[in-house]
Amino acid sequence: MGCHGAAPVPTSTTPPPIRLNFDHLRHLTLDATVASKPVKVIALYANAPDYKPTGSPQRDGLEGIASVDDAARAAVLYLRAFEQTGDTTTRNAARGLLQFVAAMEQGDGEFYNFIDTAGHPNTTAISSRKSMSYWAARSIWALGEAHRVFGRTYPEGLQTLSAATERAVARLAREVNAGRLIGGSATATAEALLGLLALQQANPTPERAELATRTARSLVPLGTGKWGARVDSPGDAWHAWGTRSVAALAQASVVLGKPEFLAAAKLEADALWSRFLLAGQMPAEIAPDGSTKWFPQIAYGVGAMAEGFVALADATSDRRYAVLGGLAAGWLLGANPAGVTMYDGKTGRTFDGIDAADKVNRNSGAESTIESLLALQAVTRNADAVTYLRYKPVGPLGASLETTPVQRVYTGPDGGRVSLRLAGGRLETIDSRANGPITLTYWPAANPQETKLAMLLTDRWNREHPDIQVRVQPLPAGRSTEEVLLAAIVARATPDVCSNVSSALLSRLVRANGVVRLDNLAPTAARLAERTTAEMIAPLRLPDGGIYSFPWKTNPEMLLYNVDLLAAAGVSPPRNHSELLVAFRKLAKDTDGDGRLDKWAMWAPLKTTWFERFYDFYPLYLASSGGRTIVSNGTVTFDNAAAVSAIEVLRQGFAQGLLPKANFALGRDPFIDGTVAMKVIGPWFLRELDATKGPGLRYDVSPIPSADGTDPKNAYAFADLRSMAIFSTTKHVDAAAQFVAYLTSPEADRLLIEEASQLPYRRALAYDARFAASLARSPTLPAYARLVERTRDIDLDTDIVEIFDLLSEAYEASAIYGRVLPKVALSKAATEARKIIDAR
């Protein structure tokens with residue numbers, strides 16, 4: 001039953017998110033046997049109109065049917081897709097290609113490139129012979145990405161790759177130490193560097209960091225060409241093909257913590273690439289004197305530039321680089337001299353190039369397909385870049401880079417405009433809307449830290465977006481967010497955006513048609529792709545498959561403990577329920593000799609308010625349930641052994657007098673004053689703890705104890721998630737989506753950690769170099785961060801509060817007062833919960 005005041009859901013005026021289509025790449029994929037091993041390879045070419053996979057033609061010397069060059073890049077594409085989606089199809093595709101890459105390594109770190117239809121390597125062609133060249137560099141890139149992605153999610157996928165990786169890196173080191181570019185090429189060296197950086201992210205070592213640093217340094221002085229063009233040798237022409245040094249140097253600056261690499265990356269992008277966007281087209285080659293060859297234009301050139309801009313945006317948090325990346329990638333969707341859509345989302349084909357303004361090569365080979373998908377993969381994961389992906393230049397295209405205008409306007413399908421203006425050696429971006437400036441209303445939580453953060457972020461947004469201004473109005477204090485928002489829906493007085501939406505509230509808001517679906521809006525879809533994995537987002541999908549709130553921040557609960565109190569009692573942080581009971585006994589003390597306990601191991605709340613179970617029963621349950629929650633798709637799931645164990649361990653604590661049957665005075669925290677030695681809590685508490693604790697209190701955290709016999713690897717923590725929602729009363733849904741994407745950007749996430757000691761719901765947070773310094777401000781925050789991807793929140797069910805009320809009654813009857821056994825209490829609660837669900 002909905003709220004009568006609910007507004008109709010607004011409609012976006014911008015195109016829906018682009019979905020990457022791998023169909024043509026799969027069409028090009030062939031089975032082969034190389035070195036007696038079954039592998040997957042990618043056919044080099046597919047000519048129009050039938051697009052049958054074929055090998056190299058006579059003009060290329062009949063090199064072969066497939067190459068390591070293409071397989072390695074396709075593996076990178078598939079690995080990143082698997083990282084995001086968890087789709088085993090992409091995982092298996094990556095593994096098959098990686099097996100081919102490893103099979104082409106010859107035991108000394110060098111690789112052959114091409115094979116024939118029988119799987120025999122081409123050992124004689126210059127473009128194939130065993131060496132440390134382009135194909136070896138790309139192999140290192142793919143193998144590095146494999147270690148980064150599979151190392152955390154699928155370690156068995158590395159079993160046949162590690163030895164080849166080690167040999168290839170050792171062989172690479174010989175080239176770098178000798179001061180040689182890989183294959184004599186900045187492009188190849190940059191791609192090898194990307195592999196080293198991925199390996200360093202997967203398994204940081206000082207030796208690998210030093211090798212990556214030396215490799216990056218070899219690229220820095222190459223910007224000797226016209227307008228800072230990075231060329232292989234002084235006096236060489238610059239070519240667009242695979243110009244990945246900008247992306248590699250930008251990433252190196254983050255992973256290695258070397259700002260000088262960022263300055264080098266920005267040089268070429270600011271001084272040279274900016275001219276391309278002012279000209280309105282991407283050149284193929286630039287001579288040392290600045291004269292330009294405009295054709296052929298190919299995805300191998302354009303895509304790498306788009307990726308480079310996006311990498312700069314990630315490294316600098318400078319939005320303009322993301323805008324430029326989106327505009328550059330627009331070449332794939334028709335913003336090119338031929339006005340032709342080069343990437344066909346229906347088939348997954350990308351045309352092989354533009355040979356002249358009126359001549360398109362409509363073949364679709366491996367390189368064009370892979371490079372376009374890599375570029376679109378990067379751009380569609382950046383909420384700012386994707387907004388400008390369909391923009392096109394206005395006016396005649398530039399004929400010379402020497403005489404490019406200082407300003408160029410691009411327009412989008414919704415009438416939006418972005419002006420590029422060269423000023424002070426950098427390209428500025430200025431947005432304007434077809435219907436003039438608009439104002440959004442944003443309701444953050446009323447607590448001081450989040451209000452301060454909201455004001456800080458909104459001030460920055462308003463300076464950067466004169467056409468979309470945001471007014472901040474904190475939620476009223478003293479009333480629950482649920483009360484305020486549900487009343488606002490009835491009164492049609494909801495904000496455009498609110499950032500304090502709980503999972504308990506969300507399904508009710510959706511039932512009232514009060515909020516907008518977010519995974520169908522390009523900016524929020526891009527940010528979801530950049531920030532989360534399929535596993536992280538799956539519990540947040542409603543029955544129609546949609547995401548209606550953006551998971552913003554999480555406070556994964558752990559066991560906070562007093563280091564000295566546990567040590568004095570001879571207790572280690574408990575790992576299971578037996579050890580927790582031992583801790584209960586050893587930490588319970590009568591310190592004043594009055595015959596009554598006045599110190600305890602921990603405090604389990606006596607209140608039966610539904611959300612109090614977030615600090616006792618529910619975290620203990622999730623630690624043992626293997627990720628199972630309370631109710632799923634209308635089915636009660638808590639009547640199980642994990643729930644019984646969670647209540648039983650608390651029942652024994654109360655029954656033996658080892659847990660206090662008292663509520664502590666309001667305003668007094670029993671952990672801070674030493675009354676209890678342990679506390680189930682999230683990282684939000686750390687700021688308060690550090691501000692109020694005495695100088696002698698030393699603390700640490702450990703995972704919530706799980707039931708005896710439970711594999712700790714299957715444990716989950718309670719997420720205590722808070723999300724952002726766009727309300728259906730908004731008149732500016734696309735602008736609101738851009739604002740939500742901004743509030744969840746890497747820079748905003750960094751500020752969330754630093755200003756509020758709270759964690760963004762972001763994949764690989766603990767291992768992301770961009771957040772290392774922020775997390776390191778607290779000795780315990782990194783431990784919390786490692787749990788972000790191993791959390792579960794409460795279920796998105798309209799009756800979840802009532803069902804938690806039933807669990808609270810079971811907790812009270814069985815754990816606190818021992819009137820009924822846990823299994824009986826839970827069975828009764830489950831029966832009542834089913835009645836509630838059946839009555840819907």
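Which residue lies over the face of W227, and at what distance from the ring centre? It is K226, at 5.3 Å from the ring centre of W227. The model described here is predicted.

## Backbone features in loops

W227 belongs to the loop between α7 (206–219) and β7 (238–239). Its phi is positive, at about 55 degrees, although W227 is not a glycine. W227 counts as buried because its relative accessible area of 16% falls under 20%.

A positive phi of about 55 degrees is also found at N513, again not a glycine. N513 sits in the loop between α16 (503–511) and α17 (522–531), and its relative accessibility of 44% makes it partly exposed.

Cis peptide bonds are a further backbone feature. One joins A48 and P49, with omega about 5 degrees; P49 is located in the loop between β3 (45–47) and β4 (52–54). The bond from F295 to P296 is cis as well, with omega near 0 degrees. P296 is placed in the loop between β9 (292–293) and α10 (299–316).

## An antiparallel sheet and its helices

Four strands make up an open sheet with antiparallel pairing, in the order β12-β13-β14-β15. At its edges are β12 (392–393) and β15 (426–432), each of which pairs on one side only. Helix α9 (residues 259–279) packs on this sheet and touches β13, β14 and β15. The direction of α9 makes about 60 degrees with that of β13.

Within the sheet, the antiparallel strands β13 (residues 407–411) and β14 (residues 417–423) are joined by five bridges. Y410 has V418 in β14 as its bridge partner. Helix α11 (residues 319–329) also lies across β13, β14 and β15, and runs at about 80 degrees to β15.

## Aromatic pairs and charges over rings

A pair of aromatic rings is described by the distance of the centres and the angle of the planes. The whole structure holds 20 aromatic pairs. Two of them are set out below.

| Pair | Centre to centre | Angle between planes | Geometry |
|---|---|---|---|
| F82 and F150 | 6.0 Å | 70 degrees | edge-to-face |
| W610 and F614 | 5.5 Å | 90 degrees | edge-to-face |

F82 is part of helix α2 (residues 68–85) and F150 is part of helix α4 (residues 134–153), so their pair ties together parts that are 68 residues apart in sequence. F82 is buried, with a relative accessible area of 8%, and F150 is buried at 0% relative accessibility.

In the second pair, W610 counts as buried at 17% relative accessibility, and F614 is buried at 9%. Both residues belong to one aromatic cluster, formed by W610, F611, F614, F617, Y618, Y621, F718 and F804.

A charged group over a ring is also found at Y811: the charged end of R613 sits over this ring, 3.9 Å from its centre.

## The surroundings of A454

A454 lies in helix α14 (residues 448–464). With a relative accessible area of 2%, A454 is buried. Apart from neighbours within four places in sequence, the contacts of A454 are with Y442, P444 and V472. A454 and Q738 are separated by 284 residues in sequence and, C-alpha to C-alpha, by 15 Å in space.

Technical notes: Residues are numbered from 1 along each chain as its sequence is written. This is a predicted model: local features need pLDDT of at least 70, side-chain atom pairs count only at pLDDT 80 or more; totals for chains, interfaces and linings use all residues. Side-chain values use heavy atoms; hydrogens and water are left out. Helices (H or I, at least four residues) and strands (E, at least two) are DSSP runs, numbered from the N terminus. Buried means under 20% relative accessible area, exposed over 50%, partly exposed in between (1.4 Å probe, protein chains only). Contact means heavy atoms within 4.5 Å. Two strands pair if DSSP finds at least two bridges between them. Axes are lines fitted to C-alpha atoms, for helices over the stretch in contact, and angles run from 0 to 180 degrees between N-to-C directions. Rings of Phe, Tyr and Trp (its six-membered ring) pair if their centres lie within 6.5 Å; planes under 30 degrees apart count as stacked, over 60 as edge-to-face and the rest as tilted. A charge sits over a ring if NZ of Lys or CZ of Arg is within 6 Å of the ring centre and within 35 degrees of the ring normal.
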